[in-house]
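Me: I have just opened this structure and would like a guided look at it. Could we go through it piece by piece?

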Amino acid sequence: MSKEPLQITRRLYDYILDVGFRDDPLLAALRAETAKLPNAMMQIAPEQGQFMALLAQLTGARCALEIGTFTGYSSLSVARALPADGKLICCDISKEYTDVARRYWAKAGIADKIDLRLGPALETLADLSRSSAGTFDLAFIDADKTNYPKYYEAVLNLLRPGGAVLIDNVLWGGDVADPKAKDEETTVLRDLNLRIAADERVDHCLLPIADGLTIARKR
């Protein structure tokens, strides 16, 4: 039976976290530390981190890529889900924020799984394309929105057939559905959503998790 779309109220969201999210002291500590920072809103939602970790486990990912690391919540979630010989390459430009991430990677005992590359992500991706095209199992894009189309193309080149890319913030607070919202970031995200929907190179799904998460599987 068809029903109206579910409205996620604060009470319902708290319920989702109560029964659908398993927290632990390390994740809680990282969220608490990040909450004190000026750009705390850049951290992914806890249920999103858990979903990404589960996806890594379900797909048997061994080689993963992250564009935009911040204080490390997504990388901590995914790297812990990788097998002992798994590897996660993280791209970011901030030493200050990723120094926080490094501390938590060390506390989790996963620092040896992570290869942090500081510098413009497009340059890192170009380097990887020359040596590792078609080898990554899983990728996550959560960086500057105006470069999302370039990141998407670069990631598709790096993924193996059957590999998946996750793209964060694709609903952008709902602005992508508002024709009156015409700022650059909203326009880029709106256009990318349409582009992926028509992209025959991938199978995809847009999920209303947190600020919107697209999963695209390379054919």
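Me: Which residue stands opposite Leu 206?

Reply: In this predicted model, Leu 206 faces Thr 214, a residue of strand S7.

Me: How do S6 and S7 pair, parallel or antiparallel?

Reply: S6 and S7 pair in the antiparallel sense, over six bridges. The two strands form a hairpin with five residues between them. In the turn, Ala 210 has a positive phi of about 55 degrees.

Me: What is the order of the strands in the sheet?

Reply: The order is S3-S2-S1-S4-S5-S7-S6, in an open sheet of seven strands with mixed pairing. Strand S3 (114-118) and strand S6 (202-207) each have a single partner strand and stand at the edges, so one side of each has no neighbour in the sheet. From one strand to the next, the twist averages 15 degrees.

Me: And S2 and S3, in which sense do they pair, parallel or antiparallel?

Reply: Strand S2 (residues 87-92) pairs with S3 in the parallel sense, over five bridges. Leu 88 stands opposite Ile 114 in S3.

Me: Which strands does helix H6 lie across?

Reply: Helix H6 (residues 121-132) lies across strand S1 (63-67), S2, S3 and strand S4 (136-141). Its direction is at about 160 degrees to S1. Helix H8 (residues 184-197) also packs on the sheet, where H8 touches strand S5 (159-168), S6 and strand S7 (213-218). The direction of H8 makes about 135 degrees with that of S6.

Me: Changing topic: how many aromatic pairs are there?

Reply: The count comes to one aromatic pair. The ring centres of Phe 70 and Tyr 97 are 4.8 Å apart and the planes are at 70 degrees, so the pair is edge-to-face.

Me: Where do Phe 70 and Tyr 97 lie?

Reply: Phe 70 is in the loop between S1 and helix H4 (73-81), while Tyr 97 is in helix H5 (residues 95-108), so the pair ties together parts that are 27 residues apart in sequence.

Me: How many salt bridges are there?

Reply: The count comes to 16 salt bridges. One of them joins Asp 85 and Arg 62, with the closest N and O atoms 2.4 Å apart. Asp 85 belongs to the loop between H4 and S2, and Arg 62 to the loop between helix H3 (46-59) and S1, so this pair ties together parts that are 23 residues apart in sequence.

Me: Last one: which residues make the nonpolar surface patch?

Reply: Leu 6, Ile 8, Tyr 15, Ile 16 and Val 19 make the patch, which has an area of about 520 Å². Ile 8 is found in the segment before helix H1 (10-20).

How values were computed: Residues numbered from 1 in each chain as written. Predicted model: local features only at pLDDT ≥ 70, side-chain atom pairs only at ≥ 80, totals over all residues. Heavy atoms only, no water. Pairing = 2+ DSSP bridges. Helix = DSSP H or I, 4+ residues; strand = E, 2+ residues; numbered from the N terminus. Axes fitted to C-alpha atoms, helices over the stretch in contact; angles between N-to-C directions. Contact = heavy atoms within 4.5 Å. Patch = residues over 30% accessible without salt bridge, like charges linked within 9 Å, V, L, I, M, F, W, Y side chains within 5 Å. Areas by Shrake-Rupley, 256 points an atom, 1.4 Å probe, with all protein chains shown as cover. Salt bridge = Lys/Arg side-chain N within 4 Å of Asp/Glu carboxyl O. Phe/Tyr/Trp six-rings, centres within 6.5 Å; stacked < 30°, edge-to-face > 60°.
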